[in-house]
Amino acid sequence: QVQLVESGGGLVQPGGSLRLSCATSGFPFSFYTMAWYRQAPGKGRELVAHITNLSTTKYGDFVKGRFTISRDDSKNTVYLDMNDLKPEDTAIYYCSRPSTGTWGQGTQVTVSS
């Protein structure tokens, strides 16, 4: 059974940092591109970043060097390091295996003073 389980969300002040993790199981993780998406209240889901099986990365335009996606194939886990967080980064962040449309349950990130 394929599972994607996000963790690491929470409440952080503007300018702060968070590290999101997505622990996976049930498939050969190292072969797959993985991605982080987010959905803010009242908005559609948007790509935050993806990382291929060769660790090539791509980011949404809004990231502007603040976020870093990485993967540890030995742990079947993908990470999203987020720095200089802004209130507009508030959203539910989802881990995804894009090629099969598989999603985690999401983790809430709230940026507020």
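User: Which residue is the bridge partner of Ser-21 in strand 8?
Analyst: Tyr-79 is the partner. Strands here are DSSP runs of E, at least two residues, numbered from the N terminus. This is a predicted model, where local features need pLDDT of at least 70 and side-chain atom pairs count only at pLDDT 80 or more, while totals for chains, interfaces and linings use all residues. Residues are numbered from 1 along each chain as its sequence is written, and side-chain values use heavy atoms, with hydrogens and water left out.

User: How many bridges join strand 3 and strand 8?
Analyst: Six, linking residues 18–25 and 77–82 in the antiparallel sense. Two strands count as paired if DSSP finds at least two bridges between them.

User: And what's the strand order in that open sheet?
Analyst: The four strands run 1-3-8-7, with antiparallel pairing. Strand 1 (3–7) and strand 7 (67–72) are the edges, each pairing on one side only.

User: Switching topic, what does Met-82 contact?
Analyst: Beyond its neighbours within four places in sequence, its contacts (heavy atoms within 4.5 Å) include Leu-18, Leu-20, Phe-67, Tyr-93 and Val-109.

User: OK, Arg-97 next. Where is it, and is it buried or exposed?
Analyst: Arg-97 belongs to strand 9 (residues 91–97). Arg-97 is buried, meaning under 20% relative accessible area with a 1.4 Å probe, protein chains only.

Conventions
Buried < 20%, exposed > 50% of the residue type's maximum accessible area, 1.4 Å probe, protein only. Lys, Arg positive; Asp, Glu negative; His and termini not counted. Salt bridge = Lys/Arg side-chain N within 4 Å of Asp/Glu carboxyl O.
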